[in-house]
Amino acid sequence: MGENRKFGQIILPRMVTSKILHHQELCAHRSMSEVSGIVNETLGKRPLGGQDTLKYRVFASTWNVGGIIPSDDLNLEDWLDTRANSYDIYVLGFQEIVPLNAINVLGPSKRCISTKWNSLIGKALNKNKTQDGEQLHHTTTNNSAIESFTQQGCFRCIRSKQMVGIFASVWVRSNLRPYIRHLNVSCVGSGIMGYLGNKGSVSVRFLLHEMSFCIVCCHLASGGKQGDVLLRNFDAADILARTKFHGDGNKNLPKKILDHDQVLLLGDLNYRISLEETETRLLVKAKNWSTLLENDQLVSEFSTGRLFEGFQEGSVTFSPTYKYQPNSDQYYWCFEAARGEKKRAPAWCDRILWRGKDLKQIQYETCDYKLSDHRPVRAGFFVECKIKGDVGSVGGFMPSMPDA
């Protein structure tokens, strides 16, 4: 995912093509945000006939952090693939940012933990931009130029929300913020007694230009016993049915998850492998992913069509993401367990699903962070957004403060 590729591919009328090509000749391998200044300058003054399309690059990731509070110096740059500086939108979902004990499930959310995660994310995403701004400061005394350069490249959290241990956080480049509107959040608890927030989902809805997006961060029912897969299916169906967004007075806005143009559903879905634990471990040791995936519960749900109709998942070519010994490359079964504690067999619990004809997945992989007993999973996407009329008139919406 760290390839430094030129992805700001823009389909525009001839009146701006020559200007963009000239800019690309001068500055190869630039990201969408760097080209957008020229796009805005031109399109903000000239109305467009019909529809045009902008292509953006989206980073999505899910991570069950096992209730572990991150250290102040935890570096997230590798996880977020920031060195390539090639993404425009970051969609991040966490599970178990706090331990799922009675105090946390029944009491008020500990927002200081989600605030800390957001702080670490912002620090990682904007580190290179801050350094570039400091270098520019040494070469020019034009403060407005320095401020404009820094703001154009920086990322902003447009919305974040915590429900017990589930935490969703969405970030975009600053110069995309004026084109984002109708931000909304919907939380569904499906845990204890069928409604507490130890399990369930946090969903974020927004429009980018004329396209609607829905981000669904899930934590489904756990357990490796026979029949537990039905509980996960029920949770997923419940989330799809109960998630509802306010219309903001606009009857044309999508209200339900499946009403949106593009949907990213990610999280600790908890689907296991339907084999005996001993056989599963032997196949994991042999890295026989194909046989394991033939018995993967989520793959089975896809093939039978019982659930997730219209959703897709990229090819799983990485090791099972659960259950590791924290701070280790070894699965949990390799270690001596405490008395009465189960040595759970490995499984691909952490997944990223997507739905939408304008989404194109370009990467799907795990990431080598050993903080918890889960490995984070991340994916990269291209998305084409349709634009109507004058792009310059799309902005001007009041920014929303993140709600951690």
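Student: Which residues lie nearest the centre of the largest pocket?

Tutor: Gly223, Gly224, Lys225, Arg272 and Arg344 lie nearest the centre, out of 34 lining residues. This is a predicted model, where local features need pLDDT of at least 70 and side-chain atom pairs count only at pLDDT 80 or more, while totals for chains, interfaces and linings use all residues. Residues are numbered from 1 along each chain as its sequence is written, and side-chain values use heavy atoms, with hydrogens and water left out.

Student: What counts as a pocket here?

Tutor: On a 1 Å grid over the protein atoms alone, a pocket is an open set of points with protein on both sides within 12 Å along at least five of seven lines; a cavity is a set where a 1.4 Å probe fits but cannot get out, and lining residues have an atom within 4 Å of a point.

Student: How much space lies in the largest pocket, and which helices supply its lining?

Tutor: About 760 Å³, the volume being the space filled by probe spheres set on the points, with grid points joined across faces, edges and corners. Helix 7 (228-242) and helix 8 (277-285) each supply at least two lining residues; helices here are DSSP runs (H or I, at least four residues) and strands are E runs of at least two, numbered from the N terminus.

Student: OK, helix 8. Which of its residues are buried?

Tutor: Thr280, Arg281, Leu283 and Val284, where buried means under 20% relative accessible area, exposed over 50% and partly exposed in between (1.4 Å probe, protein chains only).

Student: What do they pack against, and what's on the side turned away?

Tutor: The buried residues of helix 8 pack against helix 9 (289-294), with contact meaning heavy atoms within 4.5 Å. The face turned away carries the exposed residues Thr278, Leu282 and Lys285.

Student: Switching to His219: buried or exposed?

Tutor: His219 is buried, with a relative accessible area of 2%, and is found in strand 8 (residues 211-219).

Student: Which side chain does His219 join by a polar contact?

Tutor: Asp268, at 3.2 Å. A polar contact is a pair of N or O atoms within 3.5 Å; within protein, one must be able to donate a hydrogen and the other to accept it, and residues adjacent in sequence count only if both atoms are side-chain atoms.
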